[in-house]
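Subject: Structure for your reading

Dear colleague,

Please find below the sequence and structure that I would like to hand over to you.

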Amino acid sequence: MTDPIADYLTRLRNAIKANHRVVEIPASNLKKEITKILFEQGYILNYKFVEGDTPAGKIKIALKYDPVDRVNAIKDLKRVSRPGLRQYTGYKDMPRVLNGLGIAILSTSKGVMTNKKAADLKIGGEVLCYVY
């Protein structure tokens, strides 16, 4: 697999379209950090890191739905920086996702964080994905 982050986002997108409550994804440290950010921002209900047959284990993610009309909290997930075309940004050119309603997840020298936190710390990095 050449792009594990794209696989992670695709598994989430497919689970949302199929109205699954829980999705299992092979784990890595970067995927764990992205999952923590999605939980902190309120896009997923809960998550659990499960040690399994692989050294890294798995991530179980409970998806968040509106109880009345069954609409998911995540409208779209978009991969920005790919292995063939990396996208970097400085803190002055930080992307605004959906005019500030969504988030961009960045990989910086201080770790994985949202665009708002990176702008506050005045650091840039690689734009991994947009979530809204």
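Predicted model: local features only at pLDDT ≥ 70, side-chain atom pairs only at ≥ 80, totals over all residues.

The largest nonpolar core has 26 residues. Within this core, the residues that touch the most other members are Tyr8, Leu12, Ile34, Leu38, Ile61, Ile105 and Val131. Two or more residues are given to this core by each of the following elements: helices H1 (4-17) and H2 (29-40), and strands S1 (22-26), S3 (58-63), S6 (103-108) and S8 (125-131). H1 supplies the largest share, 6 residues.

Leaving aside its neighbours within four places in sequence, Leu12 is in contact with Val23, Ile25, Leu38, Ile61, Leu63 and Leu77. Another core, of 9 residues, lies apart from the largest one, and its members include Ala104, Met113, Ala118 and Ile123.

The two helices H1 and H2

Two packed helices are described by the angle between their axes and the distance between the axes. In this model, the axes of H1 and H2 come within 10 Å and cross at roughly 40 degrees. An angle under 35 degrees would count as roughly parallel, and one of 65 to 115 degrees as roughly perpendicular; H1 and H2 are therefore oblique to each other. The crossing of H1 past H2 is right-handed.

On the H1 side, the contact is made by Pro4, Ile5, Tyr8 and Leu12, and on the H2 side by Leu30, Lys31, Ile34, Thr35 and Leu38.

Apart from neighbours within four places in sequence, Ile16 is in contact with Leu63, Tyr65, Asn72 and Ile74. The C-alpha atoms of Ile16 and Asn99 are separated by 23 Å, and the two residues are 83 apart along the chain.

Thr108 belongs to strand S6. With a relative accessibility of 11%, Thr108 also counts as buried. Not counting residues up to four places away in sequence, Thr108 touches Met113, Ala118, Ile123, Gly124 and Gly125. Between Thr108 and Val131 there are 17 Å from C-alpha to C-alpha, for a separation of 23 residues in sequence.

Most residues other than glycine have a negative phi. Which value does phi take in Asn19? Phi of Asn19 is near 55 degrees, a positive value in a residue other than glycine. Asn19 is placed in the loop between H1 and S1, and its relative accessible area of 42% makes it partly exposed.

Lys122 likewise has a positive phi, near 60 degrees, and is a residue other than glycine. Lys122 is found in the loop between helix H3 (115-121) and S8. Its relative accessible area is 55%, and the cut-off for an exposed residue is over 50%, so Lys122 is exposed.

With kind regards

Note on methods: Residues numbered from 1 in each chain as written. Heavy atoms only, no water. Core = buried A, V, L, I, M, F, W, Y, C linked by side-chain atoms within 4.5 Å. Buried < 20%, exposed > 50% of the residue type's maximum accessible area, 1.4 Å probe, protein only. Helix = DSSP H or I, 4+ residues; strand = E, 2+ residues; numbered from the N terminus. Contact = heavy atoms within 4.5 Å. Axes fitted to C-alpha atoms, helices over the stretch in contact; angles between N-to-C directions. Parallel < 35°, antiparallel > 145°, perpendicular 65-115°, else oblique. Left-handed = near helix turned anticlockwise from the far one by under 90°.
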